[in-house]
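Welcome to my notebook. I opened a structure that was new to me and wrote down what I looked up, one entry at a time.

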Amino acid sequence: MHSKSRQILLRTPNSRRLQTLTFDPSQPLSLRDLKLSLIPDHGNPDAFYFTANGKLLADDSIPVGSPQVPALSTLTLRHRLRGGGGDGGATGAESRDCYLKMYAEKKPDKIDPNEQRLSKWVNCALSYETLRQPCVMDRLGNVFNKEALVEALIGKKLPKAFNHIRGLKDMIDVKLEPIPGGESNNAWFQCPITGLEFNGTYKFFALRKCGHVLSAKALKEVKSKACLVCYREFDECDKVVINGSEEEVDALRERMEEERARVVKDKKQRKERSGDAVAAKGVADGDNKRFKGAAVAPANATKEVYASIFTSSKKKSDFRETYSCRSLPLGRN
């Protein structure tokens, strides 16, 4: 990409709403510099830390816009909880080995489940950039920016988690309804019928035949076998839950495998029918060929003798004209 201004979403302890921070990649901005610009005067920078899309960032020297903090990610500044010391809480019974063992075991970074959930609904499942039209969905309910997914397919750079996506036929173009006026409650899209925000708080479905994305509430309250936006009819199997639970994703995966097996079976049957038709045509063509007596001679008969019953017993080269007969025998011409 060209060197131009980029943005990240920023949340601070003093504000619950997301803010948009614009930065220039050509002028590196470290997390520590950003932290100093956000905390109050004379505040201790070590009393705060950042998380990116719910993942802890322990190194303050990481620049904004790096792979750990990509553009359009959600960056949150948090207070660091401090423990006591020298306050009478120590009994002296603790052994030094106990503490060494405790700190030797590396504990996984804590991830805020709310931020993790929100990231799945507002960011591309592949590039982690903010969702923007045009968007596509796979058969398991993951939503992508179409450009990012196509580039990964062309470059053969899809992660193993998405190896079920084999080509364009596995993409479903989805139509997300933007929220008028922009972001609301950490969401950029909404249900076109109920107005519910597309941020993980509510369940949403995408219709495979038309691509419209509707909330489960809209589909439940308005009993219809046609899309509530474009009125195109759909079947129950055309509904794909977006960012579903593990059980829902397993059900979608099973349905996907069944559909693929059905396609392979249909192709095999068509090929077999085509082969039978070609064979039948060959037999019919063979029936129209010139009859040869030698081909149907009895087992104990000489083929040449048996064939002479139906044809001339002499070859054309054996015929000779004489002074008394200048006519040509049958079969000479």
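**Entry 1: terms and ground rules.** I call a residue buried under 20% relative accessible area, exposed over 50%, and partly exposed in between, using a 1.4 Å probe and protein chains only. I am reading a predicted model, where local features need pLDDT of at least 70, side-chain atom pairs count only at pLDDT 80 or more, and totals for chains, interfaces and linings use all residues. Residues are numbered from 1 along each chain as its sequence is written, and side-chain values use heavy atoms, with hydrogens and water left out.

**Entry 2: two positive phi values.** I looked up Tyr231 and found a phi near 65 degrees, a positive value in a residue other than glycine. Tyr231 lies in the loop between α5 (216-221) and β13. Helices (H or I, at least four residues) and strands (E, at least two) are DSSP runs, numbered from the N terminus. Is Tyr231 buried or exposed? Tyr231 is exposed, because its relative accessible area is 64%.

Next I turned to Asn243, which is not a glycine either and has a positive phi of about 50 degrees. I found Asn243 in the loop between β13 and α6 (246-287). Asn243 has 15% relative accessibility, so it counts as buried.

**Entry 3: the cores.** For a nonpolar core I take buried Ala, Val, Leu, Ile, Met, Phe, Trp, Tyr and Cys residues joined through side-chain atoms within 4.5 Å. How many residues does the largest nonpolar core have? The largest one has 41, and Phe144, Phe198, Phe204, Val213 and Ile242 have the most contacts inside it. Strand β11 (residues 204-207) gives the most to this core, with four residues. I also noted a second, separate core of 16 residues, including Phe48 and Val69. In soluble globular proteins, nonpolar side chains tend to be buried together.

**Entry 4: around Phe144.** I left aside neighbours within four places in sequence and listed contacts (heavy atoms within 4.5 Å). Among the partners of Phe144 are Leu126, Pro134, Phe162 and Ile165. Pro134 is found in the loop between α3 (113-122) and β6 (135-137).

**Entry 5: a sheet.** I traced an open sheet of three strands, ordered β12-β11-β13 with antiparallel pairing. Two strands pair if DSSP finds at least two bridges between them. The edge strands, β12 (213-215) and β13 (239-241), each pair on one side only. Three bridges join β11 to β12, and Ala206 has Val213 in β12 as its bridge partner.
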